[in-house]
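Here's a walk through a two-chain model, starting where the chains meet and then moving into each one. Have the structure open as you read.

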Protein chains: 2
Amino acid sequence: MPSAAGKGQERGRDSMEPPPADDHAKERYGVSSMIQSQEKPERVLVKIKDLTTEKADEVIWVRGRIHTSRAKGKQCFLVLRQQQFNVQALVAVGDHASKQMVKFAANINKESIVDVEGIVRKVHQKIGGCTQQDVELHIQRIYVISLAEPRLPLQLDDAVRPEVEGEEDGRATVNQDTRLDNRVIDLRTSTSQAVFRLQSGICQLFRETLIHKGFVEIQTPKIISAASEGGANVFTVSYFKSSAYLAQSPQLYKQMCICADFEKVFCIGPVFRAEDSNTHRHLTEFVGLDIEMSFNYHYHEVVDEIADTLVQIFKGLQERFQTEIQTVNKQFPCEPFKFLEPTLRLEYREAVAMLKEAGVEMGDEEDLSTPNEKLLGRLVKEKYDTDFYILDKYPLAVRPFYTMPDPVNPKISNSYDMFMRGEEILSGAQRIHDPQLLTERAQHHGIDLEKIKAYIDSFRFGAPPHAGGGIGLERVTMLYLGLHNVRQTSMFPRDPKRLTP
Amino acid sequence: MPSAAGKGQERGRDSMEPPPADDHAKERYGVSSMIQSQEKPERVLVKIKDLTTEKADEVIWVRGRIHTSRAKGKQCFLVLRQQQFNVQALVAVGDHASKQMVKFAANINKESIVDVEGIVRKVHQKIGGCTQQDVELHIQRIYVISLAEPRLPLQLDDAVRPEVEGEEDGRATVNQDTRLDNRVIDLRTSTSQAVFRLQSGICQLFRETLIHKGFVEIQTPKIISAASEGGANVFTVSYFKSSAYLAQSPQLYKQMCICADFEKVFCIGPVFRAEDSNTHRHLTEFVGLDIEMSFNYHYHEVVDEIADTLVQIFKGLQERFQTEIQTVNKQFPCEPFKFLEPTLRLEYREAVAMLKEAGVEMGDEEDLSTPNEKLLGRLVKEKYDTDFYILDKYPLAVRPFYTMPDPVNPKISNSYDMFMRGEEILSGAQRIHDPQLLTERAQHHGIDLEKIKAYIDSFRFGAPPHAGGGIGLERVTMLYLGLHNVRQTSMFPRDPKRLTP
């Protein structure tokens, strides 16, 4: 293959000697020139997951990574990998391979990408370490498409080892910073592949359900002129000769869409919080699944729609992502996620009573601490056998200024959180749609009215009653799979200490 | 209805007198207390679009906005609106209404939201100004749910008037700044409702098509530590005690996902450009529909997938959004969007030849100016009868450093743009997947290697050949509908001069 750069043929070759002239298999292996779209060959590349006994005795081409290699006398065993699938392959000295070719194959660095031609052969004993257990590939040609450097910053086998096993028998695992520093490699593990394919599924199920319910997807701006909610925890952006802020939530824009008659809207997008929280569940940038909906007479109309949307997601994951769930479970064992239909809805005062009964000392208008949230999750699980529930009617004092007060009890509000495995994944409320009451509540919270003028003005020309909420995508993924850190479910997490890669 | 705030009953009443005691209809109208979720009535609210002759003589409840009202002797005609649907309603003095009630109805400010009980009556002559032409509603009860202020900053009827008509007969239209300053009202027009419902459809069709093709949705960070591509036109963010940047595209992250074996990925998210461009098609924040895909031997495998995705979007819009297209056409008349299957692909040199033939003077390695792009669009339309085409093999000199050079001609590259109605909507390329060549090209472009180290390092552990591209959502919406300014297709547009609402 010709190469305009003129160096393709040699690229990365330093560790790999060229074939000697007297090698009878010298055309059968080597380092390909860099693929620059030189040609459009007719060649079909078979997927590793499709290598089954149905293909026995066929000669096929496959592209995969060298997952492991082991030379043994006149042969070399390779494991070729494609995402979560792998197959054993073998180069053995004979008609189709020389001693040099076997040596060449054995010397290819792990994680390199190779094109391989081989015969699919049934095996008599199942191959334990591979997903394709009933066949192996007898290699006739092998070309390096992209050569990996020899020293990997982490080993994929270490990265999928369950932590407990590692502690017990002293075998290596990989710590979180090493993973995140080398995310491109860490994301190649079967666990990461499963986590993020399932996360893609959550987004898809969320939208499918809402579009079916008549919602419209909206796009809201992330650069905003005024920090809402008093301006705490907000990132500042330089904006030409002035400055601006990064939106801490799309809420104000969702509400404007409601005032603009879109009736039921959702959006998926980044949410920015300049909070110096270094915990297992806080990120400075995360993905919000946001819903806002006008209702007729009671905000429970909205609560029911949101809860049903989450239930449809849980069901969809069970049905369509069983393989991914099981793959993650191998490394991170966990009970299947349980939920009820309809979703359990408790009032805040009931939760406080349950906690007090369990020995917790707290006031009726006090917010839930993280340990109390967790404890409440366990109490609810014991009593109702569900990992998902709604807590309704929070104290007004612990909610933002735009939260609608309860019509009867001025100490409580028409607001709710939703929980998975004892951790909050959604916060929401009926919003005040009346500009006069909104002004009063903002003043009560000491918010500069000038800064939220555009927001309040949105309600001056007729505003339907409405409610909504925002879901944290990374938290839903983490808690559904029973993982322990939100950095496991963010591809490139951002926290006060991490901005790379 | 009781109200905790204690003021609900009076709220917004100032302009509306309470009913006098001797009014026989005094229970049949008024301003409702603010809906605070006081109760869950069994009442069914019928949608205006469902008010047809099938419902004739039924007594129903409906919630809508007062679109217009006109008092005439002992009766008052209202037009009630819900999104793009509206119906005529009538209050007339009689058993169900008093003189005071008619006056009350006539005095409700336009754009207020009302709950109305009425009998659906067939009409003998079609009602021209309404979408529900065969029925009208005889009102028996009317309550204000949310009162609009008396002076609207713009009139909805003016806002949907075709510009030409306005100029010809002197009737008012609404200028763009007034629209954008009062976006919540401008978005209520039938045109805006149609534009943004169709835009929601574009996103849905994009994802449906790609998920069907086996793509995985990813979420990429928007706050990044280093400005790629040399650092021009990038917004700076304060990040705790340090600073960071807003991503100008998700490209580097899409590519990392390819290096992490996700094979085919897409994302939808905000893209930030600190460009001081005040044109009809530039925004400082827009929504990118991004695709990245590894391929086997030739980047045209990717080009074909992207082009087919756009074709599926165009077809889906034709099939599912005909009503919206026609609604927009009423205000902005335009030829239906034409495309070919398979998509027309021209080489850059062919385009230059066509332009030269048409009298344009330009060099072979010169980029297309905006007027030349437009002209080329017209020439292509004349010759091939398509509004959508691909321009392939751009001069290497006008493309970013990571663009793969052509394998034979070092002056051209494996890169492409896609056009709709003569304007660019996508830019893409085969990316360099070899760290050594990437380093050389970055140096050639004078880019600080230290700043893109993490990016280049992503390719050191085996990288598949890959290509991709980014589509501007607002541009696709604008050009598909034949609109003239990208601010018409961004709900809350951001440009160098506009950051609000």
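Across the interface of chain A and chain B there are ten salt bridges, a salt bridge being a side-chain nitrogen of Lys or Arg within 4 Å of a carboxyl oxygen of Asp or Glu. One to look up is Lys47(A) with Glu263(B), where the closest N and O atoms sit 2.5 Å apart. Helix α6 of chain A, residues 190-212, gives the most to the side of chain A that touches chain B, with nine residues. Helices (H or I, at least four residues) and strands (E, at least two) are DSSP runs here, numbered from the N terminus.

Before going on, some housekeeping: this is a predicted model, where local features need pLDDT of at least 70 and side-chain atom pairs count only at pLDDT 80 or more, while totals for chains, interfaces and linings use all residues. Residues are numbered from 1 along each chain as its sequence is written, chains are lettered from A and ligands numbered from 1 in the order in which they are written, and side-chain values use heavy atoms, with hydrogens and water left out.

Back to the interface. The contact (heavy atoms within 4.5 Å) takes 115 residues from chain A and 116 residues from chain B. The side of chain A that touches chain B divides into 58 nonpolar, 26 polar and 31 charged residues; Ala, Val, Leu, Ile, Met, Phe, Trp, Tyr, Cys and Pro count as nonpolar, Asp, Glu, Lys and Arg as charged, and the others, Gly among them, as polar. About 10,000 Å² is buried between the two chains, with carbon and sulfur atoms giving 58% of that. Buried area is the accessible area (1.4 Å probe) that two parts lose on being put together, summed over both.

Now for chain A itself. Eight strands make an open sheet with mixed pairing, in the order β8-β12-β13-β18-β17-β16-β15-β14; two strands pair if DSSP finds at least two bridges between them. β8 (216-217) and β14 (344-347) of chain A stand at the edges with a single partner strand each, so one side of each has no neighbour in the sheet. Within the sheet, β17 (residues 423-431) and β18 (residues 466-472) of chain A pair antiparallel over six bridges, and Ala429(A) stands opposite Gly468(A) in β18(A).

What about chain B? Its open sheet also has eight strands and mixed pairing, in the order β7-β11-β12-β17-β16-β15-β14-β13. The edges here are β7 (216-217) and β13 (344-347) of chain B; each has a single partner strand, so one side of each is left without a neighbour in the sheet. Nine bridges join the antiparallel strands β11 (residues 264-272) and β12 (residues 285-294) of chain B, with Gly269(B) opposite Gly288(B) in β12(B).

Axes are lines fitted to C-alpha atoms, for helices over the stretch in contact, and angles run from 0 to 180 degrees between N-to-C directions.

| α8 of chain A | 300-320 | β16(A) | about 15 degrees |

Over all chains the structure holds 84 salt bridges. One of them joins the side chains of Glu305(A) and Lys264(A), at 3.8 Å from N to O. That pair ties helix α8 of chain A to strand β12 of chain A, with Glu305(A) and Lys264(A) 41 residues apart.

Most residues other than glycine have a negative phi, and most peptide bonds are trans. The bond from Thr500(A) to Pro501(A) is cis, with omega near -10 degrees, and Pro501(A) lies in the segment after α14 (473-480) of chain A. In chain B, the bond from Thr500(B) to Pro501(B) is cis too, with omega near 0 degrees. Ser37(A), not a glycine, has a positive phi of about 65 degrees, and sits in the loop between β1 (29-31) and β2 (45-46) of chain A.
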